[in-house]
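Open the model in your viewer and keep the sequence beside it.

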Amino acid sequence: MSTSQRIHYRSLSFTLIELLVVIAIIAILASMLLPALNKAREMAKKSNCLNNLKQTQLVVFQYCDDYDGYIFQNSLLISGESSSSVWSTALVLLGYLNNTKTFGGRPNNSGNDGAGYLPAGVARCPSEADLDVSDANYWRASHYAMNSALYKNTASDMVWKKLFHMPHPTRFSMLTDKVKDRGKGGNYYTQATVNMRHLNGACLSFGDGHVEWLKWNLIAPGSFRDYPIWYLVYDK
């Protein structure tokens, strides 16, 4: 090989230092892009979650129309069933969500209260990977919960309330992301038990039908401006 050929060959090859520099640049670019890609992925999941809540909210309105404006309680005893059903299961049993797979179907020995039911369809939040239903208090057929103020005036009473009596419907939350273990009957929530699983915030549906993502500081107990409203006194 001539001297000129050797020089040309070396000019086309990378030195170890040059190769390390290229690898370092690629690593830096990847570290800059990955957080943005992860955020975009979570934004898409948040949009899907809002759509789930929107569909469920429309079902709630349909139920209220059929029952003279009354909102269902957390637990309902449906005609023909031997035990009460948690609201998310009751929507399937009553035919408002006519595909039983929407809430995971009915497993063996689970009863009707949602214990053992897998969250599925519009009841499954795309940002929640946990599907553990090994304990009777876990999830209870849905990753979402209803505001306990829809059927309570105090911590202990249970009352029937009408949707059109709701004051401030644009600010009153009806459904939201919930934490895993809410105890017996667990598909209700209070201000302190909302699950902030979407970019440090949660998705909520409101009494006027709109859905919205809110950051934790607008949801957590003691949040400024009391937005959204959590506990309301209904008209008689």
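Predicted model: local features only at pLDDT ≥ 70, side-chain atom pairs only at ≥ 80, totals over all residues.

Residues are numbered from 1 along each chain as its sequence is written, and side-chain values use heavy atoms, leaving out hydrogens and water.

**Stop 1: the patch.** Select I17, V21, I25, I28, L29 and M32. They make a nonpolar surface patch of about 620 Å². (Patch residues have over 30% relative accessible area and no salt bridge; nonpolar side chains are joined within 5 Å.) Now pick L29, in helix α2, residues 16-66. (A helix is a DSSP run of H or I, at least four residues.) L29 is partly exposed, at 46% relative accessible area. (Buried means under 20%, exposed over 50%, partly exposed in between, with a 1.4 Å probe and protein chains only.)

**Stop 2: T56.** Stay in helix α2 and select T56. T56 is buried, at 7%. A polar atom of its side chain lies 2.9 Å from the backbone oxygen of N52. Beyond neighbours within four places in sequence, T56 contacts W87, L91, V122 and L175. (Contact means heavy atoms within 4.5 Å.)

**Stop 3: the rings.** Select Y63, Y67, F72, W87 and Y96, which form one aromatic cluster. Zoom in on Y63 and F72. Their rings pair edge-to-face, 5.0 Å centre to centre, with 80 degrees between the planes. (Rings pair if their centres lie within 6.5 Å; planes over 60 degrees apart count as edge-to-face.) Y63 is buried at 6%, and F72 is buried at 3%.

Note on methods:
Patch = residues over 30% accessible without salt bridge, like charges linked within 9 Å, V, L, I, M, F, W, Y side chains within 5 Å. Areas by Shrake-Rupley, 256 points an atom, 1.4 Å probe, with all protein chains shown as cover. Salt bridge = Lys/Arg side-chain N within 4 Å of Asp/Glu carboxyl O. Helix = DSSP H or I, 4+ residues; strand = E, 2+ residues; numbered from the N terminus. Polar contact = N/O pair within 3.5 Å; in protein donor to acceptor, adjacent residues only side chain to side chain. Phe/Tyr/Trp six-rings, centres within 6.5 Å; stacked < 30°, edge-to-face > 60°.
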